[in-house]
Amino acid sequence: MLRIAVCVSGGGTNLQAIIDGIEKKVIRNTEIAVVISNNPGAYALKRAEGYGIESVCISPKQYADRESFNQAFLEKLDSYQVDLVVLAGFLVVLPEVMIKKYRNRIINVHPSLIPSFCGTGYYGLKVHEGALARGVKITGATVHFVDEGTDTGPIILQEPVMVEQDDTPEILQRRVMEQAEWKILPRAIDLIANGKVRVEDGKALVQNLE
């Protein structure tokens, strides 16, 4: 059984997709050990509570400096003995020590087809604003392992989404979530839980995609 921690900062729509995936057995051999947020007002914490999932808030504002927060965050995460950390809209830069300790055991969902519209400054609506400003016809979402860079880790899954002529950033954001993020994040977790993903030479090799 794969024990996962889901890290969130906001509403938790991707968390909901994971919860639904486990309930519908789209995600097999997996349990959510804890939901962690840096934001005490995150609705995701209420979602977790509603399903009886343990949830905790660890905010940088509670600590004197970033180093103290990083240490507390890692200690709290370690205490749950999870196999996989899922970043589902988590707007906190992970400490390097955590990335090293959980090498190839942290995944993130990003609302574009990496390497487009990713990296420093591209998060939330800014990603979709960038795509519309560039005039791309196809965007999408990516699930990838997390490394020391920003959106630079090995790519596990990608899903394309068409851009429509009258899209606003908000409309496009919703379509990317519905048609891509909520599909490939649960799928990636299921693949990992069932031993279908491995990393070799900096690339994620995925089996059994049909």
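Visitor: Which residues does isoleucine 189 touch, not counting residues up to four places away in sequence?

Guide: This is a predicted model. In it, isoleucine 189 touches Leu2, Ile4, Ile18, Ile27, Thr30, Leu84, Val86 and Ile107, with residues up to four places away in sequence left out.

Visitor: What makes Ile189 stand out in the largest nonpolar core?

Guide: The number of other members touched. This core has 41 residues, and Val6, Ile107, Ile156 and Ile189 touch the most other members. Helix H6, residues 169-193, gives the most to this core, with nine residues.

Visitor: Why is isoleucine 32 called buried?

Guide: Buried means under 20% relative accessible area. Isoleucine 32 has 13%, so the residue is buried.

Visitor: Where does isoleucine 32 lie, and what does the residue touch?

Guide: Isoleucine 32 lies in strand E2. Beyond residues up to four places away in sequence, isoleucine 32 touches Ile4, Val6, Leu15, Ile18, Ile19, Ile22 and Ile53.

Visitor: Which residues of H1 are buried, and what do they pack against?

Guide: The buried residues of H1 are Asn14, Leu15, Gln16, Ala17, Ile18, Ile19 and Gly21. They pack against strands E1 (2-8), E2 (30-37) and E4 (84-87), and also against helix H2 (43-50), E5 and H6. Just after H1, lysine 25 takes a positive phi of about 60°.

Visitor: What volume does the largest pocket have, and which lining residues are closest to its centre?

Guide: Its volume is about 960 Å³. The lining has 41 residues, and the closest to the centre are Phe90, Leu91, Asn108, Tyr123 and Asp151. H1 (13-23), helix H4 (96-101), strand E5 (106-110), strand E6 (138-145) and H6 each supply at least two lining residues. By type, the lining divides into 16 nonpolar, 20 polar and five charged residues.

Visitor: Why does asparagine 108 count as buried?

Guide: The limit is again 20%. Asparagine 108 is at 12% relative accessibility, so the residue counts as buried. The place of asparagine 108 is in strand E5. Leaving aside neighbours within four places in sequence, asparagine 108 is in contact with Leu87, Thr142, Val143, His144, Val146 and Asp151.

Visitor: Is aspartate 151 buried or exposed?

Guide: Buried. Its relative accessible area is 12%, and under 20% is buried. Aspartate 151 lies in the loop between E6 and strand E7 (155-162). Its phi is near 65°, a positive value in a residue other than glycine.

Visitor: Why is aspartate 201 called exposed?

Guide: Exposed means over 50%. Aspartate 201 has a relative accessible area of 79%, so the residue is exposed. Aspartate 201 lies in the loop between strand E8 (197-200) and strand E9 (203-206). Phi of aspartate 201 is near 50°, also a positive value in a residue other than glycine.

Visitor: Where is there a cis peptide bond?

Guide: A cis peptide bond joins isoleucine 114 and proline 115, with omega about 20°. Proline 115 is placed in the loop between E5 and helix H5 (125-134).

Visitor: How do you know that the radius of gyration of the protein chain agrees with a compact globule?

Guide: A compact globule of 210 residues would have a radius of gyration near 17 Å. The protein chain has 16 Å, which agrees. The C-alpha trace spans about 45 × 40 × 40 Å along its principal axes. Buried residues make up 49% of the 210 residues.

Notes
Residues numbered from 1 in each chain as written. Predicted model: local features only at pLDDT ≥ 70, side-chain atom pairs only at ≥ 80, totals over all residues. Heavy atoms only, no water. Core = buried A, V, L, I, M, F, W, Y, C linked by side-chain atoms within 4.5 Å. Buried < 20%, exposed > 50% of the residue type's maximum accessible area, 1.4 Å probe, protein only. Helix = DSSP H or I, 4+ residues; strand = E, 2+ residues; numbered from the N terminus. Contact = heavy atoms within 4.5 Å. 1 Å grid on protein atoms, 1.4 Å probe; cavity = no way out; pocket = protein on both sides within 12 Å on 5 of 7 lines; lining within 4 Å. Points joined across faces, edges and corners; volume = space filled by probe spheres on them. Nonpolar A, V, L, I, M, F, W, Y, C, P; charged D, E, K, R; others polar. Rg over C-alpha atoms; globule rule 2.2 N^0.38 Å.
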